[in-house]
Amino acid sequence: YVRGAMVDGDRVSIILFSLMIGGMVGIVTRNGGMKGVVNLVVTWATSRKRGQLVTAILGIAVFFDDYANTLVVGNTMRPVTDRLKISREKLAYIVDSTAAPIACLAFVTTWIGYEVGLIGTAIDQIPEITASPYGIFLNSILYSFYPLFTIAMVFAVSLFGKDYGPMLKAERMALSAGHTVGEGDTSIADSQDPATIPDENKPTRAINAVLPVLVLVFGVLFGLFITGEGDSVREIIGSSDSYKSLMWASLASVLVGAALSIGQRILTVEQTVEAWFGGLKSMLFAMIILVLAWALSDLTAVLNTATYLVSVLGDAIAPGLLPAIVFVLAAATAFATGSSWGTMGILMPLVVPLTWAVLSANGMADASNYHILYSSISCILAGSVWGDHCSPISDTTILSSLASGCDHIEHVRTQLPYAMFAGLTAIIIGTIPTGFGLPWWISLLVGVGLVIMVVRLIGKDPESEVEVGNRTAVSTSGL
């Protein structure tokens with residue numbers, strides 16, 4: 001089954017795209033381009049609020065890979081946030097909450113190849129669905145409420161300068177004592193390939209990262225329009241060959257990154273190849289998971305696992321509640337395993353046929369009810385990220401702690417109340433109402449409004465609390 005999973009042309013295209021984009025990340029990291037982007041943004045961090053906002057903006061800017069996001073933002077902003085007396089726990093929270101959620105939402109990232117590959121394999125079992133896997137993924141983004149609410153919460157907390165729960169205590173300690181509850185090992189060398197570490201003696205120009213990323217983004221769009229047919233954007237993307245588009249764009253971005261590095265004599269040809277291979281190696285483990293997920297999908301098809309689940313649950317589940325059930329199931333699986341990708345690989349080939357069967361059993365298997373299919377797919381992805389955020393054994397959670405120099409347990413403990421609130425809001429305000437027909441944009445606006453209101457009303461300013469404590473201490477000592 002593993003051999004069979006690797007002989008399909010579309011699947012090989014996904015593997016090549018993922019490896020190429022990993023190589024591109026390696027090159028733009030080694031040539032100092034990514035550091036140049038960071039240096040441009042860091043100059044704005046002159047206060048605690050600005051420091052948190054700059055960290056969040058950087059998390060959005062480095063959208064194309066969650067590992068690169070964590071390593072770059074955490075390591076770069078740590079000295080800045082320490083100077084501004086922002087706790088390591090807060091830094092780890094912002095880094096963690098703008099890594100996987102952004103990689104899950106952005107339409108050109110190292111996650112896309114994996115997600116589109118899983119979606120493509122799942123819909124191959126349903127002849128009635130003729131849309132392209134990439135088009136289905138783009139539609140599912142509208143229902144990814146947890147990542148959207150998480151990002152909204154990060155910016156609300158940063159903008160208003162308010163916190164609650166264990167995070168508030170950590171911020172007060174950072175302000176009053178100048179350190180956090182526990183400062184973890186700040187050595188991150190083992191997590192980054194030496195071939196992708198930039199040379200301190202070479203110039204760091206933001207254009208060397210921005211241009212390859214723009215080539216990647218617009219290359220995908222160009223490929224979709226070239227290979228698609230139709231009168232509207234939806235029809236063109238729906239009929240396009242997303243596998244070819246992703247493969248072409250990733251190769252073009254690698255070539256542009258290499259040309260910039262060699263042309264400016266920042267890297268030699270040998271160093272460029274080493275950086276490309278260093279970035280490529282970071283994707284190998286993910287590709288192993290993807291191939292095994294494809295093999296598992298083929299195996300469950302032979303065992304008729306999806307058919308069995310349909311026969312047991314097809315008539316028993318209300319279509320409107322199915323996405324919410326999937327969201328909770330994905331979160332529980334990701335929390336227990338510590339792997340969002342593993343969770344996606346397990347659930348996608350089972351949930352998509354089940355969703356279609358539930359729609360068919362209720363006479364709803366038509367285009368007007370595709371929002372339930374899109375929502376179920378997004379709930380696999382978003383629920384995996386939610387469970388991953390809450391899990392102490394998650395790789396991205398551990399990496400966020402390391403890159404931020406924060407004690408790992410303290411990071412999990414301080415982040416959990418924020419992640420739980422965003423997750424529950426996603427279920428109650430987003431997934432359940434849209435499952436029963438409420439337009440997605442209404443749920444999104446109400447959910448973001450609720451997040452902002454809770455931060456404003458429940459959150460407290462740690463600076464004002466510390467000032468009050470200091471004045472009390474002074475007056476007491478005077479007496």
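Is Arg-265 buried or exposed? Arg-265 is exposed, with a relative accessible area of 72%; exposed means over 50%, buried under 20% and partly exposed in between, using a 1.4 Å probe and protein chains only.

## About the model

This is a predicted model, in which local features need pLDDT of at least 70 and side-chain atom pairs count only at pLDDT 80 or more, while totals for chains, interfaces and linings use all residues. Residues are numbered from 1 along each chain as its sequence is written, and side-chain values use heavy atoms, with hydrogens and water left out.

## Two loop residues

Let us stay with Arg-265 for a moment. Arg-265 sits in the loop between α14 and α15; helices here are DSSP runs (H or I, at least four residues), numbered from the N terminus. Although Arg-265 is not a glycine, its phi is positive, at about 60°.

Lys-85 is another residue to look up. Its phi is near 60°, a positive value in a residue other than glycine. Lys-85 belongs to the loop between α5 (66-83) and α6 (88-97), and it counts as partly exposed because its relative accessibility is 41%.

## The nonpolar core

The largest nonpolar core has 124 residues. Such a core is a set of buried Ala, Val, Leu, Ile, Met, Phe, Trp, Tyr and Cys residues joined through side-chain atoms within 4.5 Å. Helix α19 (residues 370-390) supplies the largest share of this core, 12 residues.

Tyr-146, Met-153 and Met-348 have the most contacts inside the core. Leaving aside neighbours within four places in sequence, Tyr-146 is in contact (heavy atoms within 4.5 Å) with Phe-327, Ala-382, Val-385, Trp-386, His-389, Ala-419, Ala-422, Gly-423 and Ala-426.

## Helices α2 and α12

Helix α2 (residues 9-30) packs against helix α12 (residues 207-227) at an angle of about 165°, and their axes are 9 Å apart. Axes are lines fitted to C-alpha atoms, for helices over the stretch in contact, and angles run from 0 to 180 degrees between N-to-C directions. The two helices are therefore roughly antiparallel to each other, a term for angles over 145 degrees.

From α2, the contact uses Phe-17, Ile-21, Met-24 and Val-28, while α12 brings Asn-208, Ala-209, Pro-212, Val-213 and Leu-216. These residues divide into 8 nonpolar, 1 polar and no charged; Ala, Val, Leu, Ile, Met, Phe, Trp, Tyr, Cys and Pro count as nonpolar, Asp, Glu, Lys and Arg as charged, and the others, Gly among them, as polar. An α-helix has 3.6 residues a turn, so residues three or four places apart point the same way.

## Helices α14 and α15

Helix α14 (residues 242-263) and helix α15 (residues 269-302) pack at an angle of about 145°, with axes 10 Å apart. Val-254, Ala-258, Ser-261 and Ile-262 of α14 meet Val-269, Thr-272 and Trp-276 of α15. This contact has 5 nonpolar residues, 2 polar and no charged.

Trp-248 also lies in α14, and at 44% relative accessibility it counts as partly exposed. Not counting residues up to four places away in sequence, Trp-248 touches Gly-223 and Thr-227. The C-alpha atoms of Trp-248 and Ala-336 are separated by 37 Å, with the two residues 88 apart along the chain.

Technical notes: Parallel < 35°, antiparallel > 145°, perpendicular 65-115°, else oblique.
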